[in-house]
Amino acid sequence: MNLMPYEQEVALLDCLKQTLGFDRETVIGHTLRWDELPSLHPQLAGYDPGTLRFYVSMLAAAGFFLGFEDDGECFSIQRGAYDYLSMPGHLSPPLYRRYRERGIGKVLFEGIVLSGLLIWILRTLAALLSSHG
Amino acid sequence: MPTSNLTQPQKEALLKTTLTALDRKALRGVPHDWATLPQRVARLSAYDPDLLRVAVRFCGSSGLLVGYSENEQQFRFEELSTLGVYLAYGAAGRVVDTGSMLVYKQLFRMFK
(Lines give C-alpha, C1' and ligand atoms only; values in the text may rest on other atoms or scores of the structure.)
Protein backbone atom coordinates (compact mmCIF):
# COMPACT_ATOMS: atom_id res chain seq x y z
CA MET A 1 0.00 0.00 0.00
CA ASN A 2 1.48 3.35 -1.06
CA LEU A 3 0.47 6.15 1.28
CA MET A 4 1.91 9.62 0.85
CA PRO A 5 3.81 11.13 3.82
CA TYR A 6 1.37 12.15 6.55
CA GLU A 7 2.33 15.86 6.52
CA GLN A 8 1.84 15.95 2.75
CA GLU A 9 -1.63 14.40 3.12
CA VAL A 10 -2.57 17.02 5.76
CA ALA A 11 -1.42 19.84 3.46
CA LEU A 12 -3.30 18.38 0.47
CA LEU A 13 -6.54 17.98 2.44
CA ASP A 14 -6.29 21.50 3.88
CA CYS A 15 -5.80 22.83 0.36
CA LEU A 16 -8.78 20.85 -0.97
CA LYS A 17 -11.01 22.02 1.89
CA GLN A 18 -10.05 25.66 1.32
CA THR A 19 -10.11 25.50 -2.48
CA LEU A 20 -13.35 23.57 -2.90
CA GLY A 21 -15.28 24.38 0.26
CA PHE A 22 -15.40 28.16 -0.11
CA ASP A 23 -15.13 28.86 -3.82
CA ARG A 24 -18.66 29.82 -4.81
CA GLU A 25 -17.59 31.36 -8.13
CA THR A 26 -16.06 28.33 -9.78
CA VAL A 27 -16.68 25.26 -7.58
CA ILE A 28 -19.76 25.26 -5.30
CA GLY A 29 -22.88 24.59 -7.33
CA HIS A 30 -20.88 24.06 -10.55
CA THR A 31 -19.95 20.88 -12.41
CA LEU A 32 -16.22 20.39 -12.89
CA ARG A 33 -14.19 17.71 -14.66
CA TRP A 34 -11.75 15.82 -12.45
CA ASP A 35 -8.90 16.70 -14.81
CA GLU A 36 -9.68 20.41 -14.29
CA LEU A 37 -9.07 20.13 -10.55
CA PRO A 38 -5.22 20.32 -10.58
CA SER A 39 -5.39 23.70 -12.35
CA LEU A 40 -7.61 25.26 -9.65
CA HIS A 41 -4.75 25.80 -7.19
CA PRO A 42 -0.93 25.72 -7.59
CA GLN A 43 -0.67 23.26 -4.67
CA LEU A 44 -2.93 20.78 -6.48
CA ALA A 45 -0.95 20.92 -9.73
CA GLY A 46 1.40 18.08 -8.81
CA TYR A 47 -1.34 15.52 -8.19
CA ASP A 48 -3.05 13.27 -10.71
CA PRO A 49 -6.86 13.54 -10.97
CA GLY A 50 -7.33 9.99 -9.57
CA THR A 51 -5.56 10.88 -6.31
CA LEU A 52 -7.53 14.11 -6.00
CA ARG A 53 -10.77 12.25 -6.74
CA PHE A 54 -10.03 9.81 -3.92
CA TYR A 55 -9.40 12.54 -1.35
CA VAL A 56 -12.33 14.73 -2.46
CA SER A 57 -14.70 11.76 -2.21
CA MET A 58 -13.35 10.94 1.28
CA LEU A 59 -13.81 14.58 2.36
CA ALA A 60 -17.37 14.43 1.04
CA ALA A 61 -17.96 11.16 2.91
CA ALA A 62 -16.70 12.85 6.08
CA GLY A 63 -19.19 15.70 5.65
CA PHE A 64 -16.78 18.44 4.61
CA PHE A 65 -18.68 18.84 1.31
CA LEU A 66 -22.43 18.40 0.99
CA GLY A 67 -24.39 17.42 -2.11
CA PHE A 68 -21.37 15.70 -3.65
CA GLU A 69 -22.06 14.07 -7.03
CA ASP A 70 -19.47 12.08 -9.00
CA ASP A 71 -20.04 10.28 -12.30
CA GLY A 72 -16.40 9.30 -12.76
CA GLU A 73 -15.60 12.07 -15.22
CA CYS A 74 -17.18 15.12 -13.53
CA PHE A 75 -18.13 16.11 -10.00
CA SER A 76 -20.14 18.80 -8.24
CA ILE A 77 -20.46 20.09 -4.67
CA GLN A 78 -23.55 21.95 -3.45
CA ARG A 79 -22.29 23.28 -0.10
CA GLY A 80 -19.19 23.45 2.10
CA ALA A 81 -19.22 21.94 5.58
CA TYR A 82 -18.83 25.29 7.28
CA ASP A 83 -22.29 26.28 6.04
CA TYR A 84 -23.59 23.06 7.56
CA LEU A 85 -21.94 23.64 10.95
CA SER A 86 -23.36 27.14 11.20
CA MET A 87 -26.94 25.97 10.56
CA PRO A 88 -29.30 26.40 13.54
CA GLY A 89 -30.50 23.38 15.48
CA HIS A 90 -27.13 21.70 16.02
CA LEU A 91 -26.09 21.00 19.57
CA SER A 92 -22.54 21.47 20.81
CA PRO A 93 -20.16 18.48 20.61
CA PRO A 94 -19.99 18.04 24.42
CA LEU A 95 -23.77 17.61 24.47
CA TYR A 96 -23.59 15.00 21.69
CA ARG A 97 -21.02 13.08 23.74
CA ARG A 98 -23.09 13.48 26.89
CA TYR A 99 -26.09 12.07 25.04
CA ARG A 100 -24.06 9.05 23.95
CA GLU A 101 -22.53 8.42 27.36
CA ARG A 102 -25.63 9.01 29.51
CA GLY A 103 -28.63 8.55 27.24
CA ILE A 104 -31.30 10.99 26.11
CA GLY A 105 -33.47 10.56 29.24
CA LYS A 106 -30.77 11.69 31.67
CA VAL A 107 -29.64 14.56 29.42
CA LEU A 108 -33.19 15.91 29.11
CA PHE A 109 -33.87 15.36 32.85
CA GLU A 110 -30.74 17.29 33.78
CA GLY A 111 -31.72 20.05 31.37
CA ILE A 112 -35.20 20.33 32.89
CA VAL A 113 -33.90 20.31 36.49
CA LEU A 114 -31.21 22.91 35.78
CA SER A 115 -33.61 25.13 33.83
CA GLY A 116 -36.21 24.86 36.63
CA LEU A 117 -33.58 25.82 39.20
CA LEU A 118 -32.54 28.80 37.11
CA ILE A 119 -36.13 29.95 36.72
CA TRP A 120 -36.73 29.61 40.50
CA ILE A 121 -33.61 31.69 41.26
CA LEU A 122 -34.62 34.38 38.76
CA ARG A 123 -38.20 34.51 40.10
CA THR A 124 -36.95 34.72 43.70
CA LEU A 125 -34.59 37.53 42.74
CA ALA A 126 -37.40 39.34 40.90
CA ALA A 127 -39.70 38.95 43.95
CA LEU A 128 -36.99 40.27 46.27
CA LEU A 129 -36.30 43.25 44.04
CA SER A 130 -39.99 44.10 43.68
CA SER A 131 -40.60 43.84 47.45
CA HIS A 132 -37.71 46.25 48.10
CA GLY A 133 -38.88 48.56 45.33
CA MET B 1 -5.86 2.66 -2.28
CA PRO B 2 -7.96 -0.02 -0.55
CA THR B 3 -10.94 2.32 -0.30
CA SER B 4 -10.99 3.16 -4.02
CA ASN B 5 -13.47 0.38 -4.73
CA LEU B 6 -15.95 1.50 -2.06
CA THR B 7 -19.11 3.39 -3.00
CA GLN B 8 -19.75 6.79 -1.44
CA PRO B 9 -22.25 5.43 1.17
CA GLN B 10 -19.73 2.70 2.06
CA LYS B 11 -17.03 5.32 2.59
CA GLU B 12 -19.41 7.31 4.81
CA ALA B 13 -20.23 4.18 6.82
CA LEU B 14 -16.54 3.30 7.15
CA LEU B 15 -15.62 6.73 8.52
CA LYS B 16 -18.64 6.88 10.83
CA THR B 17 -18.01 3.40 12.21
CA THR B 18 -14.29 4.11 12.66
CA LEU B 19 -14.91 7.34 14.56
CA THR B 20 -17.66 5.88 16.73
CA ALA B 21 -15.49 2.87 17.57
CA LEU B 22 -12.48 5.04 18.44
CA ASP B 23 -14.46 7.42 20.66
CA ARG B 24 -13.84 5.52 23.88
CA LYS B 25 -12.06 6.95 26.89
CA ALA B 26 -9.82 3.88 27.08
CA LEU B 27 -8.61 4.41 23.51
CA ARG B 28 -7.77 8.11 23.79
CA GLY B 29 -4.18 9.21 24.29
CA VAL B 30 -2.62 5.74 24.07
CA PRO B 31 -0.76 4.14 21.15
CA HIS B 32 -2.51 1.50 19.04
CA ASP B 33 -0.82 -1.02 16.75
CA TRP B 34 -2.08 -0.89 13.17
CA ALA B 35 -1.87 -4.65 12.87
CA THR B 36 -3.95 -5.44 15.95
CA LEU B 37 -6.51 -2.64 15.68
CA PRO B 38 -9.33 -4.87 14.30
CA GLN B 39 -8.80 -7.35 17.13
CA ARG B 40 -8.53 -4.68 19.84
CA VAL B 41 -11.61 -2.70 18.83
CA ALA B 42 -14.53 -5.10 18.45
CA ARG B 43 -16.64 -2.87 16.17
CA LEU B 44 -13.79 -2.73 13.66
CA SER B 45 -13.12 -6.45 13.55
CA ALA B 46 -14.93 -6.90 10.22
CA TYR B 47 -12.60 -4.49 8.40
CA ASP B 48 -9.35 -5.22 6.61
CA PRO B 49 -6.35 -3.69 8.51
CA ASP B 50 -5.13 -1.85 5.37
CA LEU B 51 -8.58 -0.32 4.82
CA LEU B 52 -8.75 0.72 8.46
CA ARG B 53 -5.31 2.28 8.24
CA VAL B 54 -6.40 4.47 5.34
CA ALA B 55 -9.61 5.44 7.16
CA VAL B 56 -7.94 6.19 10.52
CA ARG B 57 -5.16 8.14 8.85
CA PHE B 58 -7.71 10.14 6.86
CA CYS B 59 -9.55 10.93 10.12
CA GLY B 60 -6.25 12.27 11.48
CA SER B 61 -5.13 14.19 8.39
CA SER B 62 -8.55 15.78 7.76
CA GLY B 63 -8.91 16.97 11.36
CA LEU B 64 -11.67 14.59 12.46
CA LEU B 65 -9.27 13.35 15.17
CA VAL B 66 -7.41 15.86 17.36
CA GLY B 67 -3.81 15.25 18.46
CA TYR B 68 -3.27 12.51 15.88
CA SER B 69 0.21 11.13 15.23
CA GLU B 70 1.46 7.95 13.59
CA ASN B 71 4.46 5.91 12.57
CA GLU B 72 4.81 2.66 10.63
CA GLN B 73 3.71 0.50 13.55
CA GLN B 74 1.36 2.63 15.63
CA PHE B 75 -0.94 5.63 15.84
CA ARG B 76 -2.47 7.65 18.66
CA PHE B 77 -5.00 10.44 19.05
CA GLU B 78 -6.33 12.63 21.85
CA GLU B 79 -10.03 12.99 20.99
CA LEU B 80 -12.61 13.54 18.27
CA SER B 81 -12.86 17.05 16.81
CA THR B 82 -16.14 18.98 16.50
CA LEU B 83 -16.83 17.70 13.00
CA GLY B 84 -15.71 14.22 14.07
CA VAL B 85 -18.34 14.19 16.80
CA TYR B 86 -21.01 15.42 14.39
CA LEU B 87 -20.07 12.75 11.88
CA ALA B 88 -20.03 9.99 14.51
CA TYR B 89 -23.27 10.90 16.27
CA GLY B 90 -25.08 13.07 13.72
CA ALA B 91 -28.26 11.01 13.53
CA ALA B 92 -28.53 10.62 17.30
CA GLY B 93 -27.93 14.34 17.74
CA ARG B 94 -31.01 15.22 15.74
CA VAL B 95 -33.13 13.27 18.22
CA VAL B 96 -31.61 15.33 21.03
CA ASP B 97 -32.22 18.53 19.03
CA THR B 98 -35.91 17.76 18.67
CA GLY B 99 -36.34 16.83 22.35
CA SER B 100 -34.40 19.86 23.54
CA MET B 101 -36.41 22.24 21.39
CA LEU B 102 -39.66 20.91 22.92
CA VAL B 103 -38.28 21.38 26.45
CA TYR B 104 -36.98 24.89 25.67
CA LYS B 105 -40.37 25.87 24.22
CA GLN B 106 -42.21 24.56 27.29
CA LEU B 107 -39.83 26.35 29.68
CA PHE B 108 -40.19 29.56 27.67
CA ARG B 109 -43.98 29.38 28.03
CA MET B 110 -43.64 28.75 31.81
CA PHE B 111 -41.26 31.68 32.26
CA LYS B 112 -43.41 33.95 30.14
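1. Axes here are lines fitted to C-alpha atoms, for helices over the stretch in contact, and angles run from 0 to 180 degrees between N-to-C directions. In this predicted model, local features need pLDDT of at least 70 and side-chain atom pairs count only at pLDDT 80 or more, while totals for chains, interfaces and linings use all residues. Residues are numbered from 1 along each chain as its sequence is written, and chains are lettered from A and ligands numbered from 1 in the order in which they are written.

2. In chain B, helix 1 (residues 8-22) packs against helix 3 (residues 49-61) at an angle of about 75 degrees, and their axes are 10 Å apart. Helices (H or I, at least four residues) and strands (E, at least two) are DSSP runs, numbered from the N terminus. Helix 1 of chain B and helix 3 of chain B are therefore roughly perpendicular, a label for angles of 65 to 115 degrees.

3. Helix 1 of chain B brings B:Leu14, B:Leu15, B:Thr18 and B:Leu19 to B:Leu52, B:Ala55, B:Val56 and B:Cys59 of helix 3 of chain B. Residues are in contact if their C-beta atoms, placed from the backbone, lie within 7 Å.

4. Chain A has 5 helices and 5 strands. Their pattern along the sequence of chain A is α-β-α-β-β-β-β-α-α-α.

5. In chain A, 3 strands form an open antiparallel sheet in the order 1-4-3. Its edge strands are strand 1 (31-33) and strand 3 (69-70) of chain A. Two strands pair if DSSP finds at least two bridges between them; strand 1 and strand 4 (residues 74-76) of chain A have 3 bridges. A:Leu32 has A:Phe75 in strand 4 as its bridge partner.

Terms used. Parallel < 35°, antiparallel > 145°, perpendicular 65-115°, else oblique. Contact = placed C-beta atoms within 7 Å.
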